[in-house]
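Here are my notes on the model, point by point. Please keep the structure open while you read.

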Amino acid sequence: MSKAAEIDIASVSKIYGSTTAVQSISLKIPAGSYCCLLGPSGCGKTSTLRMIAGHETISSGDIRLGNIVVTDLPPARRGTAMMFQSYALFPHLDLIDNVAFSLKMKGVDKDQRRAKALDMLRLMQLEAYASRRPAQLSGGQQQRVALARALITDPEALLLDEPLSALDPFLKIRMRAELKKLQTSLGITFVHVTHSQEEAMALADLIVVMNEGRIEQAAHPRTVFERPATPFVARFMGDHNVISGRVMENQAGRLLIGVPAGGEFLADAGPETPRDTADIAIRTDHVRIGQPAEPGLGFVGSVTNIEYRGSSVKLSANGAGIADFTVILSDTDYFANPVKVGEAIPLAWERADAIVLGSPKHH
């Protein structure tokens, strides 16, 4: 296999007419890493991936692969390969010809390209199906053919556009493990677009959370989970409650925050202390129920919804001017002291679990 390339995106924007899809983003993806671009529909993640691939022109800025500026190079000369969401296999060709297609375009002779295609099918455990057509395969098998076809060119970076979205939940989880294993064994850079937080957490060593064409946070999954950079990241990842309010008191970074027509809460600010308003994040799985809180570290909420999830139970509650406050309890804790919808219960957390979020850089 070829070497992996570092990808350096420098002040890149993408403008369609009057719409800015990507707003001057800068990002370094280390060579050999598994990077997930994560965010809601329309946040600019697919445009970013397509600009790296060369399927989309760059309105301003530059992209380097390794030490080569690829901004104006056609896709075939970039050292990247793209795997599309739809797999885009040729229905009339057998698997060998599907996988060997790009080598045929490059003029590699028939025996050589077929031998290499067979090697790739062997890597994907599909050699027994070599003479079949795509329609005779399952979704997971078609996906492995698409992967083999992308990897046959020995790319320095593999770009994947929502590669698992078409698969059923069990297959998704199996294919996730396959992708991770493949990336580790090939050692090349993977850039994978997804809107699934769970998928990004499971695969990436670098998660890039995007929102409205900008990067909100780019960090290791554990950092994104434990220290979300902005209210958007905390809400999008779904593992924190965000309380927004006015700063009532500030004593050397110990803040008292008041929610409109509601409660007052304590939190410790980081190095940059907010001025008038602040957002605090509280981990959903660090909230206790049924024990009165210390002042500023909890409230009494009315339970609006209960979802049983097997090993955990998810509660939603309203109170103290806060709507949809989420609590994740272990099944053991919940069933030791179950509550009902409509019940008023104390919710409490530790001081260390209330973190003041940074404001988005771009506001």
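1. Start with the buried side of helix α3. This is a predicted model. In α3, Arg113, Ala117, Met120 and Leu121 are buried. Their directions cover an arc of only 100° around the axis, which puts them on the same side of α3. Asp111 and Gln112 sit on the other side of α3 and are exposed. The buried residues of α3 pack against two helices, α2 (95-105) and α4 (139-151).

2. Next, the length and ends of α3. The helix covers residues 110-123, which makes 14 residues. At 1.5 Å a residue they should span 20 Å, and the end C-alpha atoms are 20 Å apart, so the two values agree. Asp109 caps the N-terminal end of α3. One of its side-chain oxygens lies 3.3 Å from the backbone nitrogen of Asp111. Just after α3 comes Gln125, with a positive phi of about 55°.

3. Helix α5 can be read in the same way. It runs over residues 169-186 and has 18 residues. From first C-alpha to last it reaches 26 Å, close to the 26 Å expected at 1.5 Å a residue. Its buried residues are Leu171, Met175, Arg176, Leu179, Leu182, Gln183 and Leu186. These cover an arc of only 145° around the axis, which puts them on the same side of α5. The face turned away from that buried side carries Phe170, Arg174, Lys181, Thr184 and Ser185, which are exposed.

4. What covers the buried residues of α5? The cover includes the strands β3 (34-38), β7 (157-161) and β8 (189-194). It also includes the helices α3, α4 and α6 (197-203). α5 lies across β3, β7 and β8, and runs at about 155° to β8.

5. Look at both ends of α5. Asp168 caps the N-terminal end, with a side-chain oxygen 3.1 Å from the backbone nitrogen of Phe170. After α5 comes Gly187, and its phi is positive, near 70°.

6. Now the sheet of 6 strands. It is open, its order is β6-β7-β8-β3-β9-β10, and its pairing is mixed. Which strands stand at the edges? They are β6 (80-83) and β10 (214-219). Each has a single partner strand, so one side of each is left without a neighbour in the sheet. Neighbouring strands of this sheet are turned by 15° against each other on average, direction ignored. β6 pairs with β7 in the parallel sense, over 4 bridges. Within that pair, Met82 stands opposite Leu159 of β7.

7. A second open sheet has 4 strands. Its order is β2-β1-β4-β5, and the pairing is antiparallel. The edges are β2 (19-29) and β5 (68-69). Each of these has a single partner strand, so one side of each lacks a neighbour in the sheet. β4 (residues 60-65) and β5 run antiparallel and are joined by 2 bridges. Leu65 has Ile68 in β5 as its bridge partner. Helix α1 (residues 45-53) lies across β1 (7-16), β2 and β4, at about 115° to β1.

8. Check the hairpin of β12 and β13. The two strands run antiparallel, and 5 bridges join β12 (residues 254-258) to β13. Leu255 stands opposite Ala267 in β13. There are 5 residues between the strands, and Ala261 takes a positive phi near 50° in this hairpin.

9. Finally, two positive phi values in loops. Most residues other than glycine have a negative phi. Asp154 has a positive phi of about 55° although it is not a glycine. It is found in the loop between α4 and β7. Is Asp154 buried, partly exposed or exposed? Its relative accessibility is 29%, so Asp154 counts as partly exposed. Ala252 is not a glycine either, and has a positive phi of about 50°. Its place is the loop between β11 (240-251) and β12. With a relative accessible area of 86%, Ala252 is exposed.

Note on methods. Residues are numbered from 1 along each chain as its sequence is written. This is a predicted model: local features need pLDDT of at least 70, side-chain atom pairs count only at pLDDT 80 or more; totals for chains, interfaces and linings use all residues. Side-chain values use heavy atoms; hydrogens and water are left out. The expected span of a helix is 1.5 Å times one less than its number of residues. Buried means under 20% relative accessible area, exposed over 50%, partly exposed in between (1.4 Å probe, protein chains only). The arc is that of the directions from the helix axis to the C-beta atoms. Contact means heavy atoms within 4.5 Å. A polar contact is a pair of N or O atoms within 3.5 Å; within protein, one must be able to donate a hydrogen and the other to accept it, and residues adjacent in sequence count only if both atoms are side-chain atoms. Two strands pair if DSSP finds at least two bridges between them. Axes are lines fitted to C-alpha atoms, for helices over the stretch in contact, and angles run from 0 to 180 degrees between N-to-C directions.
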